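Reader: Could you walk me through this model, with the cut-offs spelled out as we go?

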Amino acid sequence: MDGQLKNGIVLTSESGNKYTVNQLLGAGGQGEVYSVDSNGKTYALKWYYKNTATKNQKEILDNLIQKGQPDASFLWPQDMIFKSYGESFGYIMPLRPKNYKSIVDMMKRKAEPSFYCLCRAAYNLTKGYNALHGKGYSYRDISFGNVFFDPDTGDVLICDNDNVSYNGAESGVYGTPRFMAPEIVIGKAKPSRNTDLFSLAVLLFYMFMLNHPLEGKREAQIKCMDIHAMNQLYGTDPLFIFDPDNKDNRPLAGYQDNALVFWDLYPQQLKDLFTRSFTMGLKQPNRRITEAKWLDTFANLMSEIIICPNCGAEVFYDSQKEGSGVAHTCWGCQKTIAIPSKIVIGRNTVLLLANTKLYKHHIDGGHDMETVVGEVVQNPNNPNMWGVKNLSKENWTYIKADGTQIPVAEGRSAAIAKDAKIDFGQNVGEFY
């Protein structure tokens with residue numbers, strides 16, 4: 001496939017860097033993407049078609065480059081190649097590594113992350129958009145095509161950032177069909193942080209359920225998916241496929257099996273967020289789930305996975321099941337699973353299994369799931385005794401069930417015992 005730029009041509013950026021074009025990687029509606037080399041490193045170059053190389057697009061890119069990326073997960077514009085208005089131009093961004101897969105790859109079973117890595121990817125993705133919104137931007141086009149993840153780690157990369165602009169700013173980008181908020185579909189709103197939150201919820205639902213949240217019986221009955229049908233399904237008359245008060249759009253067995261299978265695998269706290277997103281969140285943009293709430297939930301999900309001792313399947317702990325006396329059953333082998341000891345710290349619950357780690361988020365709620373502050377260890381003198389080892393720089397206080405207090409310095413451990421507590425300084429955790 002021939003592109004606008006020839007292999008081997010050297011382009012000079014506004015900052016004076018020289019880039020040698022290697023090859024055309026792909027093309028889209030706005031332009032083409034090439035791999036380019038500069039000073040021994042390989043980058044990606046998006047080169048616009050003449051009709052999309054507008055002054056407004058150049059101004060958007062100039063602002064993005066000046067402000068810098070909100071978060072390391074963004075393949076952010078970092079250099080401009082521009083001569084004059086009326087000619088094509090382009091921008092340089094990091095090149096996506098080949099081990100990153102798309103959400104579509106996951107839906108086609110070309111990428112099959114573990115539940116833990118899926119939750120980690122959802123966490124990292126949400127954290128990235130939270131950082132973007134924190135800088136006053138809206139993304140405008142959250143969808144399949146803009147997100148990639150490493151199925152082995154849950155790391156994410158967000159691309160196509162050249163349409164990001166300040167919340168409420170004028171733009172010709174309104175989003176991708178099936179991901180746009182209902183108020184955009186029916187022409188009553190423009191892209192904003194609130195519409196981003198809806199698109200994010202749709203993307204997260206796809207990741208966990210491999211199905212669109214509004215595509216059930218009604219979608220299956222549509223003979224021709226034209227603009228009128230899409231406007232009704234996603235705009236004027238949307239109905240969540242698991243709406244608790246209206247069953248008219250339930251997934252159909254044999255047609256939308258993914259949703260039927262996966263919905264029951266997840267704990268109620270996640271299902272509650274999706275239900276709110278696609279019931280009151282359909283009509284009340286200000287009541288959509290915030291990134292902070294998603295992050296709290298995904299952090300809990302990562303910390304509440306039990307490996308079935310019989311078949312090795314990952315099973316989610318569900319506090320609502322335990323609270324109502326319902327047994328946890330493995331979805332793989334159908335056998336009952338015993339719930340291990342756990343520590344509850346504010347809104348966070350962590351199951352205490354061998355090598356379980358406590359992250360900074362668990363003790364301060366600050367959404368840092370990278371910094372390890374503690375881990376479950378075995379007593380070297382008594383293999384039947386387990387504890388939580390302090391790996392932080394702070395002193396903890398261990399509070400026995402009888403109220404006795406023992407200092408836990410860095411490198412020391414606190415025994416896991418029912419009704420005992422750890423005072424971390426910011427919060428207190430209780431063993432169950």
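**Hairpin, sheet, pockets and cavities**

Author: Let's start with a hairpin: β21 and β22 form it with five residues between them, and G403 in the turn has a positive phi of about 95°. Strands here are DSSP runs of E with at least two residues, helices are runs of H or I with at least four, and both are numbered from the N terminus. Two strands pair if DSSP finds at least two bridges between them. This is a predicted model, where local features need pLDDT of at least 70, side-chain atom pairs count only at pLDDT 80 or more, and totals for chains, interfaces and linings use all residues. Residues are numbered from 1 along each chain as its sequence is written, and side-chain values use heavy atoms, with hydrogens and water left out.

Reader: In β22, which residue is the bridge partner of I399?

Author: Strand β21 covers residues 396-399 and strand β22 covers residues 405-408. The two run antiparallel and are joined by four bridges. For I399, the bridge partner in β22 is Q405.

Reader: Why is one side of β18 and of β23 left without a neighbour in the sheet?

Author: Four strands make an open, antiparallel sheet in the order β18-β19-β20-β23. β18 (357-359) and β23 (413-415) are at its edges, so each has a single partner strand.

Reader: And what does the twist average from one strand to the next?

Author: Axes are lines fitted to C-alpha atoms (for helices, over the stretch in contact), and angles run from 0 to 180 degrees between N-to-C directions. From one strand to the next, the twist averages 30°.

Reader: In β20, what is the bridge partner of V377?

Author: β19 spans residues 372-379 and β20 spans residues 382-390. They run antiparallel, with six bridges joining them. V377 has as its partner in β20 residue G387.

Reader: Is F149 buried or exposed?

Author: F149 lies in strand β9, residues 147-149. Leaving out residues up to four places away in sequence, F149 touches several residues, including Y100, I103, M106 and P113; contact means heavy atoms within 4.5 Å. Buried means under 20% relative accessible area, exposed over 50%, and partly exposed in between, with a 1.4 Å probe and protein chains only. F149 has 2% relative accessibility, so the label is buried.

Reader: What relative accessible area does R140 have?

Author: Most residues other than glycine have a negative phi, and most peptide bonds are trans. R140 is not a glycine, yet has a positive phi of about 80°. R140 is in the loop between β8 (137-138) and β9. R140 counts as buried, because its relative accessible area is 4%.

Reader: Where is H367 found?

Author: H367 also has a positive phi, of about 65°, although it is not a glycine. At 14% relative accessibility, H367 is buried. Its place is the loop between α13 (360-364) and β19.

Reader: Which residues lie nearest the centre of the largest pocket?

Author: On a 1 Å grid over the protein atoms alone, a pocket is an open set of points with protein on both sides within 12 Å along at least five of seven lines, a cavity is a set where a 1.4 Å probe fits but cannot get out, and lining residues have an atom within 4 Å of a point. Grid points are joined across faces, edges and corners, and a volume is the space filled by probe spheres set on the points. The largest pocket has a volume of about 720 Å³, and β2 (18-27), β3 (31-38), β4 (41-48) and β6 (90-94) each supply at least two residues of its lining. Of the 31 lining residues, those nearest the centre are V33, M93, G145, C159 and D160.

Reader: Which helix gives the most to the lining of the largest cavity?

Author: There are two cavities of 30 Å³ or more, and the largest has a volume of about 50 Å³. Its lining has 13 residues, with R140, Y174, G175, M180 and S199 nearest the centre. The helix giving the most, with three residues, is α5 (residues 193-209).

Reader: What is the volume of the second largest cavity?

Author: Its lining consists of L197, F198, A201, S277, R288, I289 and W294. Here α5 gives the most, with three residues. The volume is about 40 Å³.
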